[in-house]
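Please walk me through this structure, starting with its overall layout and then turning to single residues.

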Amino acid sequence: MKPQRKRKLAQIGLVVIGLGTAVGLGLYALSTNINLFYPPAKVVAGDAPIGTTIRVGGMVVEDSVVRAGDSLKVSFAVTDYAERVTIRYEGILPDLFREGQGIVAEGQLNGARELVATQVLAKHDEQYMPPEIAESLQDQEANKVY
């Protein structure tokens, strides 16, 4: 083989290795930052992983909000009209948070399958509902027995 050909093959090999490394690092970064959405029915069924950051969404159950008197701790339940999940959060809730409204909470499930939330997101107007919640509620409505 000629020296020029060897040099060209070595360069192509280095480019392929470099691209492979860049793609691998990019995929690793994406996999650690992904937050999967789970409706309450899947959390109760055990499909949601414990100790991994996930999102749980649904409608805030009426009369389920319990606030601690001496701190910013709050506990409430969300439902997809099939099951309900308790969410514990410490911090200031969004202004639009209230019972009977759609929310998405991000956090990790504990051993009791309660979500310890790090962030709570509430809908921003009367007509909006996060797509994941709307889809989950439609699925539950379709499966409902009358």
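The place of Met-1 is in the segment before helix H1, which covers residues 3-33. The model is a predicted one. With a relative accessibility of 66%, Met-1 counts as exposed, because the cut-off for that class is over 50%. Met-1 also belongs to a nonpolar patch on the surface, together with Leu-9, Ile-12 and Val-16. The four residues of this patch have about 430 Å² of accessible area together.

The protein has three helices and seven strands. Along the sequence they follow the pattern α-β-α-β-β-β-β-β-β-α. Of the 146 residues in the protein, 31% are buried. The protein exposes about 9,600 Å², and carbon and sulfur atoms supply 56% of that area. Among contacts with a separation of 6 or more, 52% are accounted for by residues 24 or more positions apart.

Leaving aside residues up to four places away in sequence, Val-78 touches Pro-40, Val-56, Gly-58, Met-59, Val-60, Val-61, Glu-83, Arg-84, Val-85, Ile-87 and Ile-103.

Ser-75 lies in strand E4, which spans residues 73-79. Is Ser-75 buried or exposed? Its relative accessible area is 13%, so Ser-75 is buried. The side chain of Ser-75 makes a polar contact with the side chain of Arg-88, at 3.1 Å. Arg-88 is also one of the residues that Ser-75 touches when those up to four places away in sequence are not counted.

Lys-42 is found in helix H2, residues 40-45. Its relative accessible area of 41% makes Lys-42 partly exposed. Apart from residues up to four places away in sequence, Lys-42 touches Asp-47 and Ala-48. Lys-42 and Ala-82 are 40 residues apart along the chain, and their C-alpha atoms are separated by 10.0 Å.

Most residues other than glycine have a negative phi. Asp-63 has a positive value, near 60°, and is not a glycine. This residue is found in the loop between E2 and strand E3 (66-67). Asp-63 is exposed, with a relative accessible area of 72%.

Arg-113 likewise has a positive phi, of about 60°, although it is not a glycine. Where is Arg-113 found? Arg-113 sits in the loop between E6 and E7. At 23% relative accessibility, Arg-113 counts as partly exposed, because that class lies between the limits of 20% and 50%.

Notes. Residues are numbered from 1 along each chain as its sequence is written. This is a predicted model: local features need pLDDT of at least 70, side-chain atom pairs count only at pLDDT 80 or more; totals for chains, interfaces and linings use all residues. Side-chain values use heavy atoms; hydrogens and water are left out. Patches are made of residues with over 30% relative accessible area and no salt bridge: like charges are joined within 9 Å, nonpolar side chains (Val, Leu, Ile, Met, Phe, Trp, Tyr) within 5 Å. Accessible areas come from the Shrake-Rupley method with a 1.4 Å probe; for residues, only the protein chains shown count as cover. A salt bridge is a side-chain nitrogen of Lys or Arg within 4 Å of a carboxyl oxygen of Asp or Glu. Helices (H or I, at least four residues) and strands (E, at least two) are DSSP runs, numbered from the N terminus. Buried means under 20% relative accessible area, exposed over 50%, partly exposed in between (1.4 Å probe, protein chains only). A polar contact is a pair of N or O atoms within 3.5 Å; within protein, one must be able to donate a hydrogen and the other to accept it, and residues adjacent in sequence count only if both atoms are side-chain atoms. Contact means heavy atoms within 4.5 Å.
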